[in-house]
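Here is a set of questions and answers for someone meeting this structure for the first time. Keep the sequence and the model in view while reading.

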Amino acid sequence: MIVTTTPSIEGKHIVEYRGIVFGEVISGVNFIKDFAAGLSNFFGGRSASYEELITARENALREMEQRAREVGANAVVGVDIDYEVLGANNGMLMVTASGTAVVCQ
């Protein structure tokens, strides 16, 4: 599956548009994670709690690809990734990947 942020794929010809596809993941971010990330920031090193956000983005992209396959596409063009804070205390993060599912040759 080809996934690109561009509206076309170099060397390929889009023969059919199958519609917009999405992948959404909601991840919790709370005080404990913020505190642990702050310690990592202070003492150095990588923050495993915030690396979960990387996983959330990857999962959103995988879900979008799967939905593209379900409609018979072999590529997704014009991909955009959005992040939105949700919840009463802004304790949740929604990651959305979206693009246009296409058939290309």
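**Strands, cores and salt bridges**

Q: How many bridges join β3 to strand β4?
A: This is a predicted model, where local features need pLDDT of at least 70, side-chain atom pairs count only at pLDDT 80 or more, and totals for chains, interfaces and linings use all residues. Residues are numbered from 1 along each chain as its sequence is written, and side-chain values use heavy atoms, with hydrogens and water left out. Helices (H or I, at least four residues) and strands (E, at least two) are DSSP runs numbered from the N terminus, and two strands pair if DSSP finds at least two bridges between them. β3 and β4 (residues 92-104) run antiparallel, and the number of bridges joining them is 10.

Q: Which residue in the turn of the β3 and β4 hairpin has a positive phi?
A: The hairpin leaves 5 residues between its two strands. One of the turn residues has a positive phi of about 100 degrees: Gly87.

Q: In β4, what is the bridge partner of Glu84?
A: The strands β3 and β4 run antiparallel. Across from Glu84, the bridge partner in β4 is Met94.

Q: In what order do the 4 strands form the open sheet?
A: Strands of a sheet pair through backbone hydrogen bonds, either parallel or antiparallel. Here β1 (residues 2-3) and β3 (residues 75-86) run parallel, joined by 2 bridges. β2 and β4 run antiparallel, joined by 13 bridges. The pairing is mixed, and the order is β1-β3-β4-β2.

Q: Which strands stand at the edges?
A: An edge strand here has a single partner strand, so one side of it is left without a neighbour in the sheet. That applies to β1 and β2.

Q: Which residue in β3 is the bridge partner of Ile2?
A: β1 and β3 run parallel. Ile2 has its bridge partner in β3, and that partner is Ala75.

Q: How many residues does the largest nonpolar core have?
A: A nonpolar core is a set of buried Ala, Val, Leu, Ile, Met, Phe, Trp, Tyr and Cys residues joined through side-chain atoms within 4.5 Å. Buried means under 20% relative accessible area, exposed over 50%, and partly exposed in between (1.4 Å probe, protein chains only). Among the residues with the most contacts inside the largest core are Val21, Met64 and Val95. Its residue count is 13.

Q: How many residues are in the second, separate core?
A: This core includes Ile14, Ala75, Val77 and Val102. Its number of residues is 6.

Q: Is Ser27 buried or exposed?
A: Ser27 is found in strand β2. It touches Ala56, Gly91, Met92 and Leu93 (contact means heavy atoms within 4.5 Å), not counting residues up to four places away in sequence. Its relative accessible area is 12%, so Ser27 is buried.

Q: How far apart in space are Ala56 and Leu93, C-alpha to C-alpha?
A: Ala56 lies in helix α2 and counts as buried at 4% relative accessibility. Ala56 and Leu93 are 37 residues apart in sequence. Their C-alpha to C-alpha separation is 9.2 Å.

Q: Which residue forms a salt bridge with Glu24?
A: A salt bridge is a side-chain nitrogen of Lys or Arg within 4 Å of a carboxyl oxygen of Asp or Glu. For Glu24, the closest N and O atoms are 3.1 Å apart. Glu24 lies in strand β2 and its partner in helix α2, so the pair ties together parts that are 43 residues apart in sequence. That partner is Arg67.

Q: How far apart are the closest N and O atoms of Arg18 and Glu16?
A: Arg18 is partly exposed, with a relative accessible area of 34%. Glu16 is also partly exposed, at 36%. They form a salt bridge, and the distance is 2.9 Å.

Q: In which helix do Glu65 and Arg69 both lie?
A: Glu65 and Arg69 form a salt bridge. They are 4 residues apart, about one turn of the helix. That helix is α2.
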